[in-house]
Amino acid sequence: MLPADDHTHSEWSWDAAAGSMEGSCRRAVELGLPSIAFTEHVDLVRWVLPPEERAQWIARRPHRAAWFGEDGSLGLPPLDVAGYLNGIERCRQRFPELRILTGVELGEPHWFAEGSRQVLAGGHFQRVLGSLHSLEIDGACWIVDALFRHMPESLTPADIVRLYLGELLRMVQASGAFEVLTHIDYPIRGWPAATTAFEPAAFEGEFRTVLGALARSDRVLEINTRLPLHPTIVRWWHEAGGAAVSFGSDAHLPEAVAGGFVEAAQMAAAAGFRPGRSLHDFWVRTP
Ligand SMILES: [Zn+2]
Ligand SMILES: [Zn+2]
């Protein structure tokens, strides 16, 4: 039995226009998943984007032109909580054999404490993920992916990873709004292929510091499979005293639900975690 998929997106997320809550539920049933959580994006940030990136964003999906302000910065549309919860209700009726969980992926909740609180107060969310996609460089807020493509001369890819892990530590320490820390390795998605391969050992101290703070606050580390999480990081999580792991495909399309879960479950077991009391629960430390 595969673990529950506790991190997916549907058409209710601003970046998943081709997603489908119903299609993802159907896929979860086909795979025999115990449960699926729809953790839609809540991004209150405004990003700067170089003009050529802005043009690409709009060329790919013209309706996004309305998301750019007069100063060229990008603000994301809010989550339609009522519409989303209706969708969840419809899917629960349609797929009674599947456990369907509500959720959100809160971007930079430490920067937007009040906004995050308001979103969480607007509905019952069973899975609350905390995520960091942004870095502030010289007063401008960048999405990390774009930063790798437009590197300031003063920075190297390794600097970006260190800055990211430093900001992630602040997020873990300053925000109690989320239960699960998602994609701790997010910047590695943009790691330039032309440089040497990413090695977690080069950032061991920074990773262990974040993992230690997360473990002390008794929260959960997500094994995100979009870019398979390096086994070394899961081992460090166990050594930090981490009590539980969740699994998240970060699927934005039905066919990506639970992608890579067989390997991720084997890896988690090897690192010292096992299924929880019920199949829907997070995996817990092996005694
Ligand atoms: Zn994310
Ligand atoms: Zn996500």
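A pocket here is an open set of grid points where a 1.4 Å probe fits, with protein on both sides within 12 Å along at least five of seven lines. Keep that in mind for the first view of this predicted model.

**View 1. The largest pocket and what lines it.** About 740 Å³ of space sits in this pocket. Its lining takes in 29 residues, and the ones nearest the centre are W14, D15, I143, D145 and R226. Helices α2 (51-60) and α5 (144-149) are the elements that each give two or more residues to the lining. Sorted by type, the lining has twelve charged residues, eleven nonpolar and six polar.

View 2. E105 belongs to strand β5 (residues 99-107), while H133 is in the loop between β6 (127-131) and β7 (134-137), so to speak a link between distant parts of the chain, 28 residues apart.

**View 3. E105 between two zincs.** Zoom in on E105 and you'll find this residue bridging ligand 1 and ligand 2, two zinc ions 3.5 Å apart. E105 is buried, and H133 is buried too.

**View 4. Stepping back to the whole chain.** Nine helices and 13 strands make up the count of elements here. The radius of gyration is 18 Å, close to the 19 Å that the globule rule gives for 287 residues, so the chain is as compact as a globular protein of that length. Its C-alpha trace spans about 50 × 40 × 35 Å along the principal axes, and 53% of the residues count as buried.

Definitions and conventions
Residues are numbered from 1 along each chain as its sequence is written. Chains are lettered from A and ligands numbered from 1 in the order in which they are written. This is a predicted model: local features need pLDDT of at least 70, side-chain atom pairs count only at pLDDT 80 or more; totals for chains, interfaces and linings use all residues. Side-chain values use heavy atoms; hydrogens and water are left out. Donors are N, O and S atoms within 2.8 Å of the metal (3.2 Å for Na, K and Ca); water is not among the atoms, so sites may look incomplete. Helices (H or I, at least four residues) and strands (E, at least two) are DSSP runs, numbered from the N terminus. Buried means under 20% relative accessible area, exposed over 50%, partly exposed in between (1.4 Å probe, protein chains only). On a 1 Å grid over the protein atoms alone, a cavity is a set of points where a 1.4 Å probe fits but cannot get out, and a pocket is an open set with protein on both sides within 12 Å along at least five of seven lines; lining residues have an atom within 4 Å of a point. Grid points are joined across faces, edges and corners, and a volume is the space filled by probe spheres set on the points. Ala, Val, Leu, Ile, Met, Phe, Trp, Tyr, Cys and Pro count as nonpolar, Asp, Glu, Lys and Arg as charged, and the others, Gly among them, as polar. The radius of gyration is taken over C-alpha atoms; the globule rule is 2.2 Å times the number of residues to the power 0.38.
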